[in-house]
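Visitor: Please show me the model, and then take me through a few of its features.

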Amino acid sequence: MRAGRGRQQQYVSRVCLGIMLSILSIHMASGQAFTVSGLVIDKSTGETLPYATGRVLDNTLGTVSNLSGAFDFHVPTQLMNGQLQISMLGYETLLIPLLEVRAQNITKFELAPSLRVLEEVVVSDSLTGGEIFQLALAKIENNYPMNPVLMDGFYRDIKKVGDKYESLLEAAIVIYDKNYKAPRDYTKLRERVGIIQIRKSFDYAPALTTYFDQYNLLEDLLLENSVNYRSFNDEPEFYSNLKRETIQGFDNEPMYLISLIVPGYDLKMYIDKKTFAFFKVEFGWGDMVTPILTYKKSRNLENHVMRLDKVVEFEPIDGKFYLKYIRSNYLNHWMNMDTQELETTTELFQELVINDIDMEDPQWVTSSQKMKKYGLQFQNEPYDEQFWANYNLIKSTPPDDEIVKDLEEEVTLQTQFKNN
């Protein structure tokens, strides 16, 4: 939030703005990108595979498949001599030349499941689940970037009130992440976020303030990165209750699955067996009966937070693990304090996918470009339709048709984006 001063600050601002515009131009350039539109499926069962990672081999540019296993991946023509790499936990990595994808118009990508290896065959150590988890925590600074990186990301949030979807916001952003040192305060955002583009539906802001605060939801989502912020339970009882098993990770390599499953609390941590790096963290809290948090929202409304679910996933690149994907879902009940009856329910869906990473020359996000702490709905940028047509975002899924139907009762989303 510190304002820059003097010629040096102006120069730095121009340089950083140039970097951000160059990122933007890569995605905007008409005719300079080849779009791979595909579906990731299990080769043995034919089932679609959600949240599989796709990227150009030996390059940081990538995306993820959606809930239905589908993806659109815009690849700049200068990378077309490379190979498309698709990977997912529990499967063998698929490599296929991009030129072959284009020449044969390949749209279906089959991943072969890793061979199942029994726990007693794989286990050659006596570490408990709690000990493995503690080792993973101790090795964070070995396994994650300790030098600054600049990440190019896509953010989306959707709000639902009762049985109707009320709002959509999407943003193209850059994230300057200094390192993975343990923070002094895990509730305070360490990353600096710059906004490239924002688009949103008409109903995003004023009508929903009764149920959704106006603080910055993207900041909250980044704070859900439990590995970066060390926001794990640190009570001794927690460590002793962690269970361990060995599963197949990538390409038939064994991986630890450390879990804690008790009523209303589910935690799964996928940890690399060689490096003790966190690949993926899945967390769910709330039994839908007893609120996990209760607070008064307005004169006669009380907010009961009933369920939180989140996933944080990382991708190994050149020996380090980088953030790939975060998503979280919140379900709240709103109780009328006068009648003690349920007035309505709300749901908040959030997701962030990292499209590209600059490790060589990451540019600081200046104060003039930095995302403000207040809501993204108030941080407007002129809508650029061509930019979004070529930007790597998470492809819509069939369930999203219901969302679009709700949001387009009066006018199309495209018109809302242009006029909002």
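**Pocket, helix and strand**

Guide: By class, 21 nonpolar, eight polar and nine charged residues line the largest pocket. Nonpolar covers Ala, Val, Leu, Ile, Met, Phe, Trp, Tyr, Cys and Pro, charged covers Asp, Glu, Lys and Arg, and the others, Gly among them, are polar. The model is predicted: local features need pLDDT of at least 70, side-chain atom pairs 80 or more, while totals for chains, interfaces and linings use all residues. Numbering starts from 1 along each chain as its sequence is written, and side-chain values use heavy atoms, without hydrogens and water.

Visitor: Which residues of helix H10 are buried, and on which side do they lie?

Guide: Buried means under 20% relative accessible area, exposed over 50%, with partly exposed in between (1.4 Å probe, protein chains only). Helices (H or I, at least four residues) and strands (E, at least two) are DSSP runs, numbered from the N terminus. In H10 (residues 400-407) the buried residues are Asp400, Ile403, Asp406 and Leu407. Because their arc around the axis, taken from the directions to the C-beta atoms, is only 115°, they are on the same side of H10.

Visitor: Which exposed residues does the face of H10 turned away from its buried side carry?

Guide: The buried side is covered by elements including strand E8 (149-161), strand E9 (164-177) and helix H11 (413-419), with contact meaning heavy atoms within 4.5 Å. The face turned away from it carries Asp401 and Lys405.

Visitor: How many residues of strand E4 are buried?

Guide: Strand E4 spans residues 70-76 and is mostly covered. The buried count is six of its seven residues.
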